[in-house]
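Reader: I would like to understand how the words used for a structure follow from the numbers behind them. Could you take me through one case slowly?

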Protein chains: 2
Amino acid sequence: MTDSQEPLIQIGKLAKQLAITTRTIRYYEEIGLMGPSKRLSGCARSYNQDDVLRLKFILKLKELGISLKEMLDLAESFDTHNQDFDTITPRVLEILDLHIGKVDDKIAKLASLRSVIVNYRSRISELLQSQSTA
Amino acid sequence: MTDSQEPLIQIGKLAKQLAITTRTIRYYEEIGLMGPSKRLSGCARSYNQDDVLRLKFILKLKELGISLKEMLDLAESFDTHNQDFDTITPRVLEILDLHIGKVDDKIAKLASLRSVIVNYRSRISELLQSQSTA
DNA sequence: CATATGCCTTCCCTTTACGTAAACTTACTC
DNA sequence: GAGTAAGTTTACGTAAAGGGAAGGCATATG
């Protein structure tokens, strides 16, 4: 595991690679999601493979609809009991379950919305029909 | 239809009745969702049954996930061609179809999101399982 | 009369997840 | 040595949907 030289990447390249902006990466560091990054000479941030993976993970969670604040909470509970894998994982499951529930709710509401709209649509359509045949 | 006296209700009561705040009602008026309300002496807002229905409708749409801005767009196209029923109706159908499409999109995305989360959840769950049996 | 509601307007505050300058270093290249 | 590109920090701006306080009428009641 001890590579003679870890492949380090700078912020601009990393951002482009993940199709986000440098601002986003700095922001994640700012709020503590990414941890302070190692600096090159000239203070330029550099990222190794672990950092990249962490960022990808964050983006994945975000894509799943988890807010940055929730991630912070998650990260905190990782850090506070990170010795015990058994106690942290249920917490993750809990959060995921909560999210599945939320998504189910949204889907149900949208489905109901859809039927309302469709209903409305057909009533108007009928109205138009009777209008033209009058 | 000409009631001798329409039952008028004031903002505080209306808010309480719909379980929202007076600020919310004023806000909807502010952005043009509710139209200027008739005032009593003392400039107090008053609402008749139509107003109440409109507000209920807005809350319904909101609950269904339609943003206030989208409602404004809808309201605008109602208002701009409201002279000719034959020409307005197809436009409404168009908007409704567009919304049905949007809703379908959202539902599809959420469904895919759901399966991703569920997948993730089960992988973690398995991990926990194998952990405890180790 | 005093006080308590209820309403009014105006205006700044909040949260989330960044966007967008401004002003400044550092590094590479012609 | 001038220009360009990429990096830095600080800090104000944005959208959505209101929250909440200040300061001021008007009505109702003991």
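Author: What follows goes from term to value to conclusion. This is a predicted model, in which local features need pLDDT of at least 70 and side-chain atom pairs count only at pLDDT 80 or more, while totals for chains, interfaces and linings use all residues. Residues are numbered from 1 along each chain as its sequence is written, and chains are lettered from A and ligands numbered from 1 in the order in which they are written.

Reader: What makes A:Ala19 exposed, and where is its place in chain A?

Author: A residue is buried if 20 or more other C-beta atoms, placed from the backbone, lie within 10 Å of its own, exposed if 12 or fewer, and partly exposed in between. A:Ala19 has 7 other C-beta atoms within 10 Å, so it is exposed. Its place is in the loop between α1 and α2 of chain A, and its phi is near 60 degrees, a positive value in a residue other than glycine.

Reader: Why does A:Lys102 count as partly exposed?

Author: A:Lys102 has 14 C-beta neighbours inside 10 Å and therefore counts as partly exposed. This residue lies in helix α5 (residues 85-133) of chain A, where helices (H or I, at least four residues) and strands (E, at least two) are DSSP runs numbered from the N terminus. Chain A has 5 helices and 3 strands, and buried residues make up 10% of its 134 residues.

Reader: How do you know that the span of helix α3 of chain B is close to the one expected?

Author: The expected span is 1.5 Å times one less than the number of residues. Helix α3 (residues 49-63) of chain B has 15 residues and reaches 21 Å from its first C-alpha to its last, close to the expected 21 Å. In this helix, B:Asp51, B:Leu55 and B:Ile58 are buried. They cover an arc of only 55 degrees around the axis, which puts them on the same side of α3(B); the arc is that of the directions from the helix axis to the C-beta atoms. The face turned away from the buried side carries exposed residues, including B:Leu53, B:Phe57 and B:Lys60.

Reader: What makes the two copies related as by a two-fold rotation axis?

Author: Copies are superposed by least squares on the C-alpha atoms of residues with pLDDT of at least 70 in both. Chain A can be laid on chain B with an RMSD of 2.0 Å by a turn of 176 degrees and a shift of 0.6 Å along the axis. The two copies are thus related as by a two-fold rotation axis. In chain A, the C-alpha nearest that axis belongs to A:Ile107, 2.6 Å from it.

Reader: How do you know that the copies meet through the same surface?

Author: Two residues are in contact if their C-beta atoms, placed from the backbone, lie within 7 Å. By that rule, 28 residues of chain A are in contact with 26 residues of chain B. Of the interface residues of chain A, 89% are also interface residues in chain B, so the copies meet through the same surface.

Reader: Which residues are closest to DNA strand D?

Author: A residue is near a strand if its C-beta atom, placed from the backbone, lies within 6 Å of it. There are 19 residues around DNA strand D, the closest being A:Gly12, A:Arg45, B:Thr21, B:Ser67 and B:Leu68. Around DNA strand C there are 19 residues, and among those that come nearest are A:Ser67, A:Leu68, B:Gly12 and B:Arg45.
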